Amino acid sequence: MSSWSDYIPQVLKFEKRLGEDKKAVTAIDEYNKMYSHGSESEQDRTLRESEKGKDMVSDFYNLVSDFYEWGWAQSFHFAVIQKGEPFEASLQRYEYMLPYRLGVERGQHLIDLGCGIGGPLRNIARFARCKVTGVTISKYQVERGNELNKQLNLEDTCNIVHGDFLNLPFEDETFDGAYTIEATCHTMEKTKVYSEAYRVIKPGCCFAGYEWCVTDKYDPQNKEHREAKFAVEVGNGLPDTATFDQVIQSLKEAGFEVLEYYDASKYSELPWYYPLKAGFSVKGFRHTRVGHYFTHITVTTLEKLGIVPKGSAEVSRMLVKAAQDLVRAGELGIYIPMFFFLARKPEKPSTQS
């Protein structure tokens, strides 16, 4: 989507899609209840980690996926950004790093944990000339992602299935590698999700990913830090946020040999949250601050006119605030969406005497 003439039709498209979900308003209300008692509520945090919490994540992406696709890209993630490069180029380089570090060979089969509508898996399949199967808990994302796979004639190499990455619907040792891009942030059961990645990849193969984490600057005793962290979680459907050490320890507990890890934001010439903070830009209008407000005003007006269903403007408002809260946490230096890790599943011991 690149021209101004496409803008309003796309807004109508994703709002009509939202309208097909008769639970839209109910889903928003249920979502908000899971964060209603504030950042200190263990009750809410436990609820977000329950089966009901999984339903919340599914509903969240059923509601916001079209907003993300229009307002950001088909790849629902951040990136290391170099000065002067197109936004799309930074997203692709961020993705291409994964098959490169995984050591993928032509024709091999990868799994993408929490694949969204498949933007990254399509780019990776074409770049590495491999096959990629994605898993998402959102049924709408399965439908939309496979529709895009078909449109691009990538059905032989790209496929998206409905499933829970805490209980993957695949046999042991099926894949030649696994990756996740800012998706396993939706669970604090890190050892469990990493164990599933360990189970479904072959011995000697690797697992790589980017995690949302609080940095070493985060001080849980600092009220401003706690509020900023919680605001990010509310706006992005997160139960809580892991530390660097929790991610690494969980990988080890899952059985992996951790080969490398680092804060990828340190390699970005511009702040990771720069696209959310940027001012007016015709070329990248959709994901700028001005673009967010223009989208919200348009959606609000259409809802008042009865053209789009009730609840549309609330979803839009939530995402505008989510962008603001990510910028705030980023500027405080307490939050990143790109803690990179690379881990290997050990080879099986030789049975030869």
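Helix 8 (residues 190–200) packs against helix 10 (residues 244–253) at an angle of about 45 degrees, and their axes lie 8 Å apart. That angle makes helix 8 oblique to helix 10. This is a predicted model, and local features are described where pLDDT is at least 70. The crossing of helix 8 with helix 10 is right-handed. Helix 8 brings Lys190, Thr191 and Tyr194 to the contact. Helix 10 answers with Val247, Ser250, Leu251 and Glu253. By class, these contact residues are three nonpolar, two polar and two charged.

Tyr194 and Leu251 are among the residues that touch the most other members of the largest nonpolar core. A second, separate core has 18 residues, including Tyr35, Tyr61, Phe76 and Ile117.

Leaving out residues up to four places away in sequence, Phe256 touches Tyr194, Ala197, Tyr198, Ile201, Phe207, Leu251, Ala343, Arg344 and Lys345. Tyr194 belongs to the helix 8 side of the helix 8 and helix 10 contact, and Leu251 to the helix 10 side.

Now step back to the whole chain. It has 13 helices and eight strands. Of its 353 residues, 56% count as buried. Take the contacts between residues at least 6 apart in sequence: 76% of them join residues at least 24 apart.

Look next at helix 5 against helix 6. Two packed helices are described by the angle between their axes and the distance between the axes. Here the angle is about 60 degrees and the axes of helix 5 and helix 6 are 9 Å apart. Helix 5 is therefore oblique to helix 6. Their crossing is right-handed. Gln92, Glu95, Tyr96 and Pro99 of helix 5 meet Gly119, Pro120, Asn123, Ile124, Phe127 and Ala128 of helix 6. The contact residues divide into six nonpolar, three polar and one charged.

Asn153 lies in the loop between helix 7 and strand 3. Its phi is near 55 degrees, a positive value in a residue other than glycine. Is Asn153 buried or exposed? Asn153 counts as exposed because its relative accessibility is 69%, where the cut-off for exposed is over 50%. Glu173 sits in the loop between strand 3 and strand 4. Glu173 is not a glycine either, yet has a positive phi of about 55 degrees. At 31% relative accessibility, Glu173 counts as partly exposed.

Two residues show links between parts of the chain that are separated in sequence. Val57 is found in helix 4 (residues 51–71). Val57 has a relative accessible area of 10%, so it is buried. Which residues does Val57 contact, leaving aside neighbours within four places in sequence? They are Ile137, His186 and Gly237.

Pro271 is the second case. Pro271 is found in the loop between strand 7 (257–263) and helix 11 (274–277). With 34% relative accessibility, Pro271 counts as partly exposed. The C-alpha atoms of Pro271 and Gly330 are separated by 7.9 Å. Along the chain, Pro271 and Gly330 are 59 residues apart.

Definitions and conventions:
Residues numbered from 1 in each chain as written. Predicted model: local features only at pLDDT ≥ 70, side-chain atom pairs only at ≥ 80, totals over all residues. Heavy atoms only, no water. Core = buried A, V, L, I, M, F, W, Y, C linked by side-chain atoms within 4.5 Å. Buried < 20%, exposed > 50% of the residue type's maximum accessible area, 1.4 Å probe, protein only. Contact = heavy atoms within 4.5 Å. Axes fitted to C-alpha atoms, helices over the stretch in contact; angles between N-to-C directions. Helix = DSSP H or I, 4+ residues; strand = E, 2+ residues; numbered from the N terminus. Parallel < 35°, antiparallel > 145°, perpendicular 65-115°, else oblique. Left-handed = near helix turned anticlockwise from the far one by under 90°. Nonpolar A, V, L, I, M, F, W, Y, C, P; charged D, E, K, R; others polar.
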